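The structure comes first and the description follows.

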Amino acid sequence: VESLNRELNRIQAEIFAGEESKRRILLRYIRAVKASVSLGEPGSEEYRHEVGTVGAGRIHLPESGLVDEDAYAIASLLKNNMTIEEVQLRRNKIGDDGAR
């Protein structure tokens with residue numbers, strides 16, 4: 001029973017870590033998008049480098065701990081998008097399957 005409890009705790013910790021990582025990525029993305037459309041609103045300047053100038057059509061999420069499933073989700077969200085021209089996901093944990 002103790003062995004099963006340890007395994008359950010390990011699995012729960014992995015799930016929590018994955019969910020927390022995704023939450024941080026989502027918040028970073030939201031801040032970057034807000035910065036890209038803001039016109040000098042206080043607090044947005046620090047995130048502007050993530051997407052560039054207003055209307056730049058870029059999303060940069062380097063070194064964000066993204067995995068294949070995250071790449072699938074981003075691709076799905078942007079499938080019919082006409083304004084994002086560049087998505088930069090360098091130095092993430094995306095494998096060959098996620099890159100397709």
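Which backbone oxygen lies 3.3 Å from a polar atom of the side chain of Asn92? The backbone oxygen of Arg90 lies at that distance from the Asn92 side chain. The model is predicted, so local features need pLDDT of at least 70 and side-chain atom pairs count only at pLDDT 80 or more, whereas totals for chains, interfaces and linings use all residues. Residues are numbered from 1 along each chain as its sequence is written, and side-chain values use heavy atoms, with hydrogens and water left out.

**Overall arrangement**

The protein has four helices and two strands, in the order α-α-β-α-β-α from the N terminus on. Helices (H or I, at least four residues) and strands (E, at least two) are DSSP runs, numbered from the N terminus. Of the 100 residues in the protein, 24% are buried. Buried means under 20% relative accessible area, exposed over 50%, and partly exposed in between, with a 1.4 Å probe and protein chains only.

**The loop between strand 2 and helix 4**

Asn92 sits in the loop between strand 2 and helix 4 and counts as buried, at 17% relative accessibility. A polar atom of its side chain also lies 2.7 Å from the backbone oxygen of Leu89. A polar contact is a pair of N or O atoms within 3.5 Å; within protein, one must be able to donate a hydrogen and the other to accept it, and residues adjacent in sequence count only if both atoms are side-chain atoms.

Arg91 is found in the loop between strand 2 (86–88) and helix 4 (96–99). Arg91 is exposed, with a relative accessible area of 59%. Most residues other than glycine have a negative phi. Arg91, although not a glycine, has a positive phi of about 55°.

Pro62 belongs to another loop, between strand 1 (58–60) and helix 3. Pro62 is buried, at 17% relative accessibility.

**Charged side chains**

Side chains of opposite charge can pair when their charged atoms come close. A salt bridge is a side-chain nitrogen of Lys or Arg within 4 Å of a carboxyl oxygen of Asp or Glu. By this rule the count comes to five salt bridges, including those tabulated here.

| Pair | Closest N to O distance |
|---|---|
| Arg6 and Glu2 | 3.1 Å |
| Arg10 and Glu7 | 2.4 Å |

Arg10 and Glu7 are three residues apart in helix 1, so about one helical turn separates them. Arg10 is partly exposed, with a relative accessible area of 38%, and Glu7 is partly exposed at 35% relative accessibility. Glu14 and Arg10 lie in helix 1 too, four residues apart, about one turn of the helix. Glu14 is partly exposed, with a relative accessible area of 48%. Salt bridges that share partners join Glu7, Arg10 and Glu14 into one network.

Asp68, in helix 3, is buried yet has no salt bridge. The nearest side chain of opposite charge is Arg100, 8.4 Å away; Lys and Arg count as positive and Asp and Glu as negative, while His and the chain ends are not counted. The side chain of Asp68 does reach the backbone nitrogen of Gly98, at 3.3 Å.

**The largest pocket**

The largest pocket holds about 290 Å³ of space. A pocket is an open set of points on a 1 Å grid over the protein atoms alone, where a 1.4 Å probe fits, with protein on both sides within 12 Å along at least five of seven lines; lining residues have an atom within 4 Å of a point. Grid points are joined across faces, edges and corners, and the volume is the space filled by probe spheres set on the points.

Among the lining residues are Lys22, Ile25, Tyr29, Leu61, Asp70 and Leu77. Helix 1 (2–37) and helix 3 (68–77) are the elements that give two or more residues to this lining. The lining divides into 10 nonpolar residues, no polar and two charged. Here Ala, Val, Leu, Ile, Met, Phe, Trp, Tyr, Cys and Pro count as nonpolar, Asp, Glu, Lys and Arg as charged, and the others, Gly among them, as polar.
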